[in-house]
Amino acid sequence: MGVVMKPAALPNAEGVIVEAAFSPDSRRLAVIRTVRVTGAPVRRVMQIVELQSGKEITKADVLNSESPNLWSSEHFISYSPDGRSLLLATEGSDVLSIIDATPLHGVKEVALHPEASARVTLVEGHWWFRAVVSLASSSHGDLFGVLTHDERGVNEMFIGSFSSGRIIKSWSLGKGGAAPELGMISPSLSSDGSRTAVSVLPYENNFPRNSDNVLIFDAASGNW
């Protein structure tokens, strides 16, 4: 017999929900809403909800520095293992935001490629140069992982620290595809963040004939 899932009633709020994430203890839900008003810039609002009571804990505008071109892009949220911070990213950008979870303030922006002087779309509808495509967090510890993909098919892996708000290690994964119909390239971190498993489709989106497209790296060295 299947498990019956109960719908969770969220407090009324403006905008459309585009992403959500549970806190580590599953007592709270972080929700990102996109708010569009004719004649006004698109806003992204984060709402923290206490699930048992259905009450809003706090709310704030987020991702204010993102380009208006990204309002329809996918958004990513991940709680830190201790529940104190939230990691935010937008598909098509290479800038992360780390925010204090309660209240929603103390935004720290982390540019994955600080040497890049221009972050503009190459062609409308295409990936931004070296753009975030997936996030992952360790279930214990302090680490998060970010995977980026660019127009040339090159993938990079980044390991960062919630507490310091810094990237502590990065390495190239070489070329690989990102065909949605075959499953997006994605990372996963071990519970303590010491190892990183990454799945990247072979270049030109050839369907993998074995599991060689899944690699496990040492997060401290980038070696596998």
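**Reading the fold**

Mentor: Buried means under 20% relative accessible area, exposed over 50%, and partly exposed in between, with a 1.4 Å probe and protein chains only. This is a predicted model, where local features need pLDDT of at least 70 and side-chain atom pairs count only at pLDDT 80 or more, while totals for chains, interfaces and linings use all residues. Residues are numbered from 1 along each chain as its sequence is written, and side-chain values use heavy atoms, with hydrogens and water left out.

Trainee: How many helices and strands are in the protein?

Mentor: Both kinds of element are DSSP runs numbered from the N terminus: helices are H or I with at least four residues, and strands are E with at least two. By that count, the protein has 0 helices and 15 strands.

Trainee: In what order do the strands of the open sheet that holds β1 run?

Mentor: Two strands pair if DSSP finds at least two bridges between them. β1 and strand β2 (residues 28-35) run antiparallel and are joined by 6 bridges, while strand β3 (residues 43-50) and β4 pair in the antiparallel sense over 7 bridges. The edge strands, each pairing on one side only, are β1 (16-22) and β4 (55-62). The order of the 4 strands is therefore β1-β2-β3-β4.

Trainee: Which residue in β4 is the bridge partner of I48?

Mentor: Look across from I48 to β4. The partner there is T58.

Trainee: Which residue takes a positive phi in the hairpin of β1 and β2?

Mentor: That hairpin has 5 residues between the strands. The positive phi is near 65°, and the residue is S26.

Trainee: Is T34 buried or exposed?

Mentor: T34 lies in strand β2. Contact means heavy atoms within 4.5 Å, and beyond its neighbours within four places in sequence T34 is in contact with several residues, including V16, V42 and W71. The relative accessible area of T34 is 7%, so T34 is buried.

Trainee: Why is one side of β5 and of β8 left without a neighbour in the sheet?

Mentor: Another open sheet has 4 strands in the order β5-β6-β7-β8, with antiparallel pairing. Strand β7 (residues 95-100) is joined to β8 by 5 bridges, and V95 stands opposite A111 in β8. β5 and β8 (105-111) stand at the edges, so each has a single partner strand.

Trainee: How many residues of strand β9 are buried?

Mentor: β9 and β10 pair in the antiparallel sense over 6 bridges, and the bridge partner of S134 in β10 is L147. Strand β9 (residues 131-137) is mostly covered, and the buried residues number 6 of its 7.

Trainee: What is the relative accessible area of G145?

Mentor: G145 is found in strand β10. Its C-alpha atom is separated by 8.4 Å from that of S134, 11 residues apart along the chain. G145 is buried, with a relative accessible area of 0%.

Trainee: Why does the pair of F144 and F162 count as edge-to-face?

Mentor: The structure holds 1 aromatic pair. Rings of Phe, Tyr and Trp (its six-membered ring) pair if their centres lie within 6.5 Å; planes under 30 degrees apart count as stacked, over 60 as edge-to-face and the rest as tilted. The centres of F144 and F162 are 5.1 Å apart and their planes stand at 70°, so the pair is edge-to-face.

Trainee: Where does F162 lie in the chain?

Mentor: F144 and F162 are both buried. The pair links distant parts of the chain, 18 residues apart, with F144 in strand β10 (residues 143-149). F162 lies in the loop between β11 (154-161) and β12 (166-175).
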